[in-house]
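Please keep the sequence and the 3D view open while you read.

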Amino acid sequence: MDGLPRIEGFEFYEQIAETSRSVIWRAKQDALERDVLVQILRPETVGHEAIREHFFTVVRAMAKIKSELFSSVLDVVYEGDTPYVIVEDDHAESLTALVRKGALPMNQLLEMALKFCEGFKILHEETHLVYRNLKPSIIRVMEGAQPRLVDLSLAIFETPNCRAAELDGGVIIGTPAYISPEQFRAPDSLDTRSDMYTLGATLYTLATGETPFGDLEPMAAIRAKFAQNLPSPSDLNPAVSRAFSGFVARLMMRAPEDRFPSWDDAISALHTLYAGQEPEGLLPAGYDPARSTLQAPSAAPPRHALRRPLTRPIPTGMRSQPPKPQVDAAPHLLLVLALYLLLFLALGLMGAIRWKQLALQNNPPPPQTQESPQPDDA
């Protein structure tokens with residue numbers, strides 16, 4: 001989309017995101033003197049009646065739900081035949097900026113995963129929508145580290161025949177590194193478990209700093225989902241617990257029926273991880289790494305596992321400080337022992353000197369006399 005959009009009553013000044021169907025801008029709404037986000041459908045989308053009608057059905061559904069994960073839909077305005085969706089501006093930044101600084105700390109990974117699972121649970125229960133397009137570049141992070149999703153243009157309803165292939169024009173919708181295998185094989189029969197896979201792929205990037213199959217071309221990355229295994233996050237990042245790697249592996253199982261049966265089950269597993277424990281039945285019965293996109297975590301003792309339960313139960317906001325690094329106490333213990341030994345020797349030496357002084361005071365040496373010279377015999 002070339003140049004700044006022009007809508008009466010709005011002053012556009014920054015493009016913040018785009019997809020194959022829409023572009024999202026930040027603008028100032030003159031009447032209310034506030035910043036808003038404006039989602040504008042691309043001309044080819046506006047001209048496709050089925051896509052346009054489907055999009056506004058999604059927007060109406062999203063306007064009814066209340067979840068911290070999704071920005072609130074404020075209004076829909078028209079400029080000619082072009083619709084504009086006005087969305088709350090939370091002044092967030094892209095999560096990609098955080099990933100560039102490196103993988104997220106373990107406590108933030110758990111909290112981020114919990115916020116997403118709770119948000120997708122609400123999305124599924126209240127709208128029966130499948131988001132389809134989760135990836136780090138479209139996730140925005142508010143002050144207080146609350147993740148937010150703005151773009152809804154690729155969401156579809158979870159129905160026996162959602163007509164996704166028709167709406168998508170026969171092309172693969174989504175980013176190959178993050179889409180679920182069924183988005184490629186069976187786009188018309190998606191359900192909420194497809195979002196579990198894309199969440200797992202997103203958490204993989206947040207835990208390792210790497211894009212799943214990011215070194216492959218798009219179609220090769222899609223084929224790799226069915227035949228190759230990525231290294232476990234805990235094998236790439238020593239700060240990630242093996243139990244959390246198992247959680248991500250469960251989300252990224254190739255077959256939907258091997259993933260968590262529901263978002264409640266995923267949330268329950270995260271609560272157990274918060275307690276510093278490994279959930280029972282985290283991986284499906286008869287787990288075979290070949291059924292997951294991830295390799296099994298290394299069998300080596302997990303020196304990076306959670307060492308104690310987190311001190312608070314369910315988080316209300318992410319910690320801003322990373323966990324303190326573990327310090328090897330052995331060198332410090334040797335130093336303390338050496339200092340104690342030196343102190344003991346110094347006290348012993350001081351005691352010996354004092355004892356000698358007291359001995360001299362109590363038993364002074366006899367006075368020395370000089371012998372008078374004897375006169376010579378006459």
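This is a predicted model: local features need pLDDT of at least 70, side-chain atom pairs count only at pLDDT 80 or more; totals for chains, interfaces and linings use all residues.

1. **The whole chain.** The chain has twelve helices and ten strands. Of its 378 residues, 45% count as buried.

2. **Contacts across the sequence.** Take the contacts between residues at least 6 apart in sequence. Of these, 69% join residues at least 24 apart.

3. **Helix α10.** How many of the ten residues of α10 are buried? Nine are, so this helix, residues 242-251, is largely enclosed by the rest of the structure. The buried residues are A243, F244, S245, G246, F247, V248, A249, R250 and L251. The cut-off for buried is under 20% relative accessible area. What covers them includes α4, α7, α9 (233-236) and α11 (263-274). Three of these names, α4, α7 and α11, return in the next points.

4. **α7 against α10.** Two packed helices are described by the angle between their axes and the distance between the axes. For α7 and α10, the angle is about 145 degrees and the axes are 7 Å apart. The crossing of α7 past α10 is left-handed. On the α7 side, M196, Y197, L199, G200, L203, Y204 and A207 take part. They meet F244, F247, V248 and L251 of α10. By class, this contact has ten nonpolar residues, one polar and no charged. F244, F247, V248 and L251 are also on the list of buried residues in α10.

5. **α4 against α7.** Helix α4 spans residues 106-127, and helix α7 spans residues 192-208. Their axes come within 11 Å and cross at roughly 165 degrees. Angles over 145 degrees count as roughly antiparallel. The two helices are therefore roughly antiparallel to each other. Here α4 passes α7 in a right-handed crossing. From α4, the residues are L109, M112, A113, F116, C117, F120, L123 and H124. From α7, they are T192, D195, L199, L203, L206 and A207. The contact has eleven nonpolar, two polar and one charged residues. Look back at α7: L199, L203 and A207 also meet α10.

6. **α4 against α11.** Which way does α4 run relative to α11, roughly parallel or roughly antiparallel? The axes come within 9 Å and cross at roughly 160 degrees. That makes α4 roughly antiparallel to α11. This crossing is left-handed. The α4 residues are N107, L110, E111, A113, L114, C117, E118, F120, K121, H124 and E125. They meet W263, D264, A266, I267, L270, H271, L273 and Y274 in α11. By class, there are eleven nonpolar, three polar and five charged residues in this contact. A113, C117, F120 and H124 of α4 are also in the contact with α7.

7. **Two positive phi angles.** R132 is not a glycine, yet its phi is positive, near 75 degrees. R132 sits in the loop between β7 (129-130) and β8 (139-141). Its relative accessible area is 3%, so R132 is buried. F213 is not a glycine either, and its phi is about 55 degrees. F213 lies in the loop between α7 and α8 (218-227). With 6% relative accessibility, F213 also counts as buried.

8. **E93 and R140.** E93 belongs to strand β6, residues 93-94. At 41% relative accessibility, E93 counts as partly exposed. How many residues separate E93 from R140 along the chain? The count is 47, while their C-alpha atoms are separated by 5.2 Å. Leaving out residues up to four places away in sequence, E93 touches L98, I139, R140 and V141.

9. **T96 and P136.** T96 is in helix α3, residues 95-100. It is partly exposed, with a relative accessible area of 23%. T96 and P136 are 40 residues apart in sequence. Their C-alpha atoms are 5.6 Å apart in space. Beyond residues up to four places away in sequence, T96 touches P136 and S137.

Technical notes
Residues are numbered from 1 along each chain as its sequence is written. Side-chain values use heavy atoms; hydrogens and water are left out. Axes are lines fitted to C-alpha atoms, for helices over the stretch in contact, and angles run from 0 to 180 degrees between N-to-C directions. Helices (H or I, at least four residues) and strands (E, at least two) are DSSP runs, numbered from the N terminus. Angles under 35 degrees count as roughly parallel, over 145 as roughly antiparallel, 65 to 115 as roughly perpendicular and the rest as oblique. A crossing is left-handed if the near helix is turned anticlockwise from the far one by less than a right angle, and right-handed if clockwise. Contact means heavy atoms within 4.5 Å. Ala, Val, Leu, Ile, Met, Phe, Trp, Tyr, Cys and Pro count as nonpolar, Asp, Glu, Lys and Arg as charged, and the others, Gly among them, as polar. Buried means under 20% relative accessible area, exposed over 50%, partly exposed in between (1.4 Å probe, protein chains only).
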